[in-house]
Amino acid sequence: MNVVTRNPDIACQSADSRPGDFQPLRERGQHEVFCGLTSIMWLHRKMQDAFFLIVGSRTCAHLMQSAAGVMIFAEPRFATAIIGERDLAGMADMNDELDKVVERLLARRPDIKMLVLVGSCPSEVIKLDLSRAASRLDRLHQPRHRVMAYSGSGIETTFTQGEDNFLAELVTRMPAEKPGAAPSLIVVGAMADVVEDQMTRIFHGMGIENVAFLPSRSSESLPAIGPNTAFLMAQPWVNATALAMQKRGARRIAAPYPLGEEGTTAWLKAAAEEFRVDASRFDAITAPGRERARLAVERYREALAGKRIFLFPDSQLEPALARFLHRELGCEIIEAGTPYMHREHVAEELAQLPASATLSEGQDVELQIDRVHESNPDLIVCGMGLGNPFEAEGRSTKWSIELVFSPIHGYEQAGDLAELFARPLARRGLLKVGT
Ligand code: SF4
């Protein structure tokens, strides 16, 4: 990894250190990421009998409304209970107000099986205890409706941590495995339904029948957990969830993330080894997918090989994306930033990153922008707020949030993932031709 000396707080790695031993560039300055509420955008689509009630301000409501504009065509499965000025001034009993809102909501929407109260910056600032409120409301409304709570606040969290908080809370509600239960596998972290279906077919093909996904598609089908459960992380941000699962006796299967042909194969292989799948069976089941993924990625290699990429910290997917870009598309990684890094959970990714790449954790956005200007990358992967100013400077950008919203995991999506990076470069090329 590169040695960077601009910030005195930085711990550096020399160019010849072994992967795994290095210290990332750590920055604790101004950071620009969405808050944890944003994860409701994909969570409400995954768990289809849940309703997410944000307890927040008008700002929170505006964020959700603009992020989910398409929802105007459907009965929404999230809303914001707005904390008014009277509540902020302590003039109203917030718990009474909340109980009334929940009462009205559940009367109007009897289809809601799981009501999820989501904490925000304002609810945390006024110290509204949503966990207690959820327990009270749960007692009141069960068995027809269950009520739970988690924090999606933007105070010190990044947007993908909203999902992690939600899943960690769900783990406490998962039933215990029956004594002597058959070994089971849980895949942790929301992926598109179509990807889950593809993965299920591959696991079944390998003879791993007892497979479940977290979040489950229904709040009433949470998988059982215990010492005979092994789990695979599908997303690098489910760190608190992994800890909660380990506390309940489950074992984490160490693996890189299933991005690209290599990542997907290594991820499936880790599960195959855990479940003692015969090597020839593994090869036979994965070979067609590997070939399709390799050919699909190959189409974009010419456009991307040798391109210099700078990834800003946003979703925590960045180390895995950098590995895919470097190994499967021949890109040069200038910097891969991540808002937060759990060393153990990304160890397999870090080991495959080139020594020339700077890996940074946290953010000091001004210093990072300076590094972009100094290194002049071909493509910048960054948040929406930084994308437009960089485009105005004539640089190519990719909004990192697109990588969270798009199906990118697994063999069948490997080509689409490569295309997401190739598209902005092609567009910039067309703009140049047109000028
Ligand atoms: S939770 Fe905090 S950061 Fe997120 S929209 Fe509400 S006020 Fe803003």
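Author: This is a predicted model. The C-alpha centres of domain 1 and domain 2 lie 33 Å apart.

Reader: What makes up domain 1 and domain 2?

Author: The domain assignment gives residues 25-32 together with 298-434 as domain 1, and residues 36-157 as domain 2.

Reader: What is the mean pLDDT of the chain?

Author: The mean is 90, and 91% of the residues reach 70 or more. The scale of this confidence runs from 0 to 100. Over residues 1-18 the pLDDT is below 50, although this stretch has 29 contacts in the model beyond near neighbours in sequence.

Reader: Which residues of α10 and α12 meet?

Author: From α10 they are G260, E261, E262 and G263, which meet A320, R323, F324, R327 and E328 of α12. By class, this contact has 5 charged, 2 polar and 2 nonpolar residues.

Reader: How many charged residues does the shell around the ligand have?

Author: The shell has no charged residues, but 6 polar and 5 nonpolar ones. Among the residues surrounding the ligand are C35, G56, S57, T59, C60, S120 and C121. Cys counts as nonpolar and Gly as polar. Helix α2 (residues 58-67) gives the largest share of the shell, 3 residues.

Key:
Residues are numbered from 1 along each chain as its sequence is written. This is a predicted model: local features need pLDDT of at least 70, side-chain atom pairs count only at pLDDT 80 or more; totals for chains, interfaces and linings use all residues. Domain bounds come from an automatic or database domain assignment. pLDDT is the predictor's confidence in each residue, from 0 to 100. Two residues are in contact if their C-beta atoms, placed from the backbone, lie within 7 Å. A residue is near a molecule or strand if its C-beta atom, placed from the backbone, lies within 6 Å of it. Helices (H or I, at least four residues) and strands (E, at least two) are DSSP runs, numbered from the N terminus.
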